[in-house]
Amino acid sequence: MSEKRIILEMGTGNDLYGQDYTKAARRAVQDALHHSSITLFSKLGIDHSEMRVDVTIAVQDPAQVDCDLVAQDLPRGRATVRAVKGGLNVTDPASDGVHVVVTAAIEAWLPDQSASYKLSS
């Protein structure tokens with residue numbers, strides 16, 4: 001069965017002192033989630049388990065992100081997380097510390113429901 005993307009939310013997160021890419025990624029996911037309120041599940045009687053959730057984390061060092069840990073933060077659906085090159089590292093010239101900035105995109109997909117509904121005139 002084909003799927004339709006029903007949600008695309010973006011968020012940003014950071015870790016200013018610990019250089020922890022996973023912590024910044026989890027904050028970016030939480031930021032994106034706080035922009036959403038999905039009422040269609042209860043309104044249409046769709047089970048949350050039918051939703052596939054794809055999360056893309058953009059970070060300067062993708063290998064440093066624990067994608068399994070980030071996936072645990074998704075409250076609904078079947079989540080997969082991947083980290084890609086992106087984001088931003090900002091160096092503090094006074095301390096040589098690195099501030100990590102991460103962007104997250106969350107996409108939610110449901111089986112195509114269009115055949116179940118008909119517009120009436």
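This is a predicted model: local features need pLDDT of at least 70, side-chain atom pairs count only at pLDDT 80 or more; totals for chains, interfaces and linings use all residues.
View 1. Thr56 has 17% relative accessibility, so it counts as buried (buried means under 20% relative accessible area, exposed over 50%, partly exposed in between, with a 1.4 Å probe and protein chains only). Leaving aside neighbours within four places in sequence, Thr56 is in contact (heavy atoms within 4.5 Å) with Arg82, Val84, Thr103, Ala104 and Ala105. Strands here are DSSP runs of E, at least two residues, and helices are runs of H or I, at least four, numbered from the N terminus.

**View 2. The largest nonpolar core.** A nonpolar core is a set of buried Ala, Val, Leu, Ile, Met, Phe, Trp, Tyr and Cys residues joined through side-chain atoms within 4.5 Å. Of the 27 residues in the largest one, Val29, Val55, Ile57, Val65 and Val102 touch the most other members. Two or more residues each come from α1 (21-33), β2 (52-59), α3 (67-71) and β5 (97-111), and β5 gives the most, with seven. Zoom in on Val29 and you find it touching Val55, Ile57, Val70, Leu74, Ala104 and Ile106, not counting residues up to four places away in sequence.

**View 3. Glu107 and its partner Arg5.** Glu107 belongs to strand β5 and, at 19% relative accessibility, counts as buried. Its side chain is joined to that of Arg5 by a polar contact of 2.9 Å (a pair of N or O atoms within 3.5 Å; within protein, one must be able to donate a hydrogen and the other to accept it, and residues adjacent in sequence count only if both atoms are side-chain atoms). Leaving aside neighbours within four places in sequence, Glu107 is in contact with Arg5, Ile7, Leu8, Arg52, Val53 and Asp54.

**View 4. Ile6 on strand β1.** Ile6 is found in strand β1 and, at 33% relative accessibility, counts as partly exposed. Residues up to four places away in sequence aside, Ile6 touches Leu40, Phe41, Ala108 and Leu110. The C-alpha atoms of Ile6 and Leu40 are separated by 9.9 Å, with the two residues 34 apart along the chain.

Methods:
Residues are numbered from 1 along each chain as its sequence is written. Side-chain values use heavy atoms; hydrogens and water are left out.
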